[in-house]
Amino acid sequence: MESEFLEWLRARLQPHPALRLGPGDDAALVRLADSGTSVVTVDLVSDGVDFDLGSTDPRRIGHKALAINLSDLAAMAARPVAAVVALALPRAGALELAQALYEGLLPLAARYQVAVAGGDTNTWDGPLVIAITALGEPTARGVLRRDGARPGDCLLVTGRLGGSRLGKHLDFEPRVQEALLLHERYDLHAGMDISDGLTLDLSRLCQASGCGAELDLAAIPLDAAADAWARQLGDGSTALEHALADGEDFELLLAADEPTAARLVTEQPLAVPLTRIGRCVAEAGLWGLAGGRREALAARGYLH
Ligand SMILES: [Mg+2]
C-alpha cells in the first residue's frame, strides 16, 4: 500500500518554504533557522493507551498525534517548522486508516505552517501506533525552559483544566501562537505544557527549577468538563481534583515575576484566559492553600 499511499499524500501536501525536498526520496531536506539550534521532540501514541480506535474517528486521532508534538514545541515557545510521521497500522483497512489519520493531521499542520516532510508507513499484526517527530526553531528570544522559575515567582496557566477525557484530549488546539506571543512580549522565567496533570507537571517544573510551589486552590480555573467528568464517574471525586490531576489539558504552565504576572493577568493578551494559580517558594514540595489552611499536595497525574 505504501506507494499508493505516498501518491495520495503527495497530492495533498502544500508547498512549504522550509521544505526543500518532501516525501518520496530516501530522506527529506528541511531548512531550519540559521541560529544553529533546532528544537526537536517526538511523541508516540498507541491504540488502547492514548486513544480508542474502536470508538474514535481516526481524524481526531491524527489531529491529536500531531497536536501533542506542537504542544511540546509551544511549551518551549519554539516556532514549529516540520514534522515526520511514522505509522504502524493494523493490516485490515490500513490504507483507509492512514488516509483518515492524515485528514485529521494535515489541517492542523497547515494551520501552523508545519511542513509534513516525510515519514514511514508499515502494517503489522499489532495495534495502531503513531510516532511523530516535530522540528521547530527558537525565536530571537531563545527557548522557554522549565528550569528558570525562582522562589517568589507567580505561577499562571492558560485556559481551563480538568475533564479532558470528555473530548479535549483529542480535539485540543496546541497553544503555539499563545506561547510565541507571551514569550515575545513578556519576560517569562519558565514554562511547560500540562500533558500529565497540573500537580505532576508542576512538580517537574519545580524540580527542574530547584524550588517548591503553593497553589491557591480556589483560583484553579476549572473546565466545565471537569465537573461533568466528576459527575459522570460518580465516584465522589471533585472537579478540582480532576483539574489538578487529569492531564492532557495541553495548556501552558508559566512562571513569571510578580510585576510581569500582574501585567499578564490585567492585560489578558490571549483569546483564552490567563489565570494566576499560585507561586513558587524556596522550600521543595507542593502545597495547596484553601480557606487559610496550607496542606501538602500530592503530585498526581498520568504516569507513563
Ligand atoms: Mg511537554
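Me: Which residue in E6 is the bridge partner of Pro-80?
Reply: Gly-136. The model is predicted: local features need pLDDT of at least 70, side-chain atom pairs count only at pLDDT 80 or more, and totals for chains, interfaces and linings use all residues. Residues are numbered from 1 along each chain as its sequence is written, and side-chain values use heavy atoms, leaving out hydrogens and water.

Me: How many bridges join strand E4 to strand E6?
Reply: 10 bridges join E4 (residues 78-90) to E6 (residues 129-138), and the two run antiparallel. Two strands pair if DSSP finds at least two bridges between them, so E4 and E6 pair. Strands (E, at least two residues) and helices (H or I, at least four) are DSSP runs, numbered from the N terminus.

Me: Why do E3 and E5 stand at the edges of their sheet?
Reply: The order of this open sheet is E3-E6-E4-E5, with mixed pairing. E3 (39-46) and E5 (115-124) each have a single partner strand, so one side of each lacks a neighbour in the sheet. From one strand to the next, the twist averages 15°. Helix H3 (residues 94-111) packs on the sheet, touching E4, E5 and E6. Touching means heavy atoms within 4.5 Å. The direction of H3 makes about 170° with that of E4. Axes are lines fitted to C-alpha atoms, for helices over the stretch in contact, and angles run from 0 to 180 degrees between N-to-C directions.

Me: What makes E8 and E13 edge strands?
Reply: Seven strands form a second open sheet, E8-E10-E7-E11-E9-E12-E13, again with mixed pairing. E8 (188-193) and E13 (293-296) each pair on one side only. On average, neighbouring strands here are turned by 25° against each other, direction ignored. Helix H9 (residues 258-267) packs on this sheet and touches E7, E8, E10 and E11.

Me: Where do the side chains of E7 point?
Reply: Cys-154, Leu-156 and Thr-158 point one way, Leu-155 and Val-157 the other. In a regular strand, side chains alternate between the two faces of the sheet. Five of the five E7 residues are buried. Four antiparallel bridges pair E7 with E10, while five join E7 to E11.

Me: What makes Asp-72 and Asp-193 donors of the magnesium ion?
Reply: Their OD atoms lie 2.1 to 2.2 Å from the ion. Asp-72 is in helix H2 (residues 58-75) and Asp-193 in strand E8, 121 residues apart. Donors are N, O and S atoms within 2.8 Å of the metal (3.2 Å for Na, K and Ca); water is not among the atoms, so sites may look incomplete.

Me: How many aromatic pairs are there, and why is the pair of Phe-172 and Phe-250 classed as it is?
Reply: The count comes to three. The ring centres of Phe-172 and Phe-250 are 4.0 Å apart and the planes stand at 15°, so the pair is stacked. Phe-172 lies in the loop between H4 and H5 and Phe-250 in the loop between H8 and E10, so the pair ties together parts 78 residues apart in sequence. Rings of Phe, Tyr and Trp (its six-membered ring) pair with centres within 6.5 Å; planes under 30 degrees apart count as stacked, over 60 as edge-to-face, the rest as tilted. Phe-172, at 3% relative accessibility, counts as buried; Phe-250, at 4%, does too.

Note on methods:
Buried means under 20% relative accessible area, exposed over 50%, partly exposed in between (1.4 Å probe, protein chains only).
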